[in-house]
Amino acid sequence: MSMNHTSTPLFVRPPAPSALRAMDLDARTRTIVSWLCRELAHVLDVPPAHRVGPDRPLRALGVDSLTALCLKRRLEDELDVRIKTHDLLRDDTVGEIAALLAVSVAVPAYGTAR
């Protein structure tokens, strides 16, 4: 069985928060959208033939309270932001959540300079 070298790794780390802060808001949002779509596809076990798009609401993708708590922790750890669990349980799309995160990442949540 041959491996496809163009496949996306299961765990793709986002750029460091300091690198995200150095980007303009549009680039930061696009970067977070791309990472968040891949992260959600992995967490929600979305089959490879399907894609998580930025226009899909998180709830419609199957994000429940437990998934939202896990996602909250991952977002806070990886992006150095604070986000409320209920923000992940509204009918916001992946793109809307990414835009919220893009603004939030501009100011370090925990005072670190990662």
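The legends below describe close-up views of a predicted model.

**Figure 1. Overview of the chain and its six helices.** The secondary structure comprises six helices and zero strands, so that, given how helices and strands are assigned, the order along the sequence reads α-α-α-α-α-α. Of the 114 residues in the chain, 37% are buried, and the chain exposes about 7,000 Å², with 56% of that area supplied by carbon and sulfur atoms. Among contacts between residues at least 6 apart in sequence, 66% join residues at least 24 apart.

Figure 2. An α-helix has 3.6 residues a turn, so residues three or four places apart point the same way.

Figure 3. Arg-28 is buried yet has no salt bridge, and the nearest side chain of opposite charge, that of Asp-24, is 7.0 Å away. A polar atom of the Arg-28 side chain does, however, lie 2.9 Å from the backbone oxygen of Met-23.

**Figure 4. The salt bridge between Asp-91 and Arg-59.** The side chains of these two residues meet at 3.7 Å, N to O. Asp-91 lies in the loop between α5 and α6 whereas Arg-59 belongs to helix α3, so the pair ties together parts that are 32 residues apart in sequence. Asp-91 is exposed, with a relative accessible area of 53%, while Arg-59 is partly exposed, at 48%.

**Figure 5. Salt bridges of Arg-90 with Asp-87 and with Asp-92.** The side chain of Arg-90 meets that of Asp-87 at 3.3 Å, N to O, and that of Asp-92 at 2.6 Å, N to O. Arg-90 is partly exposed, with a relative accessible area of 37%, whereas Asp-87 counts as buried at 12% relative accessibility, as does Asp-92 at 17%.

**Figure 6. The network formed by Glu-39, Arg-74 and Glu-78.** Salt bridges link these three residues in a network, and the structure as a whole holds six salt bridges.

Technical notes: Residues numbered from 1 in each chain as written. Predicted model: local features only at pLDDT ≥ 70, side-chain atom pairs only at ≥ 80, totals over all residues. Heavy atoms only, no water. Helix = DSSP H or I, 4+ residues; strand = E, 2+ residues; numbered from the N terminus. Buried < 20%, exposed > 50% of the residue type's maximum accessible area, 1.4 Å probe, protein only. Contact = heavy atoms within 4.5 Å. Areas by Shrake-Rupley, 256 points an atom, 1.4 Å probe, with all protein chains shown as cover. Lys, Arg positive; Asp, Glu negative; His and termini not counted. Salt bridge = Lys/Arg side-chain N within 4 Å of Asp/Glu carboxyl O. Polar contact = N/O pair within 3.5 Å; in protein donor to acceptor, adjacent residues only side chain to side chain.
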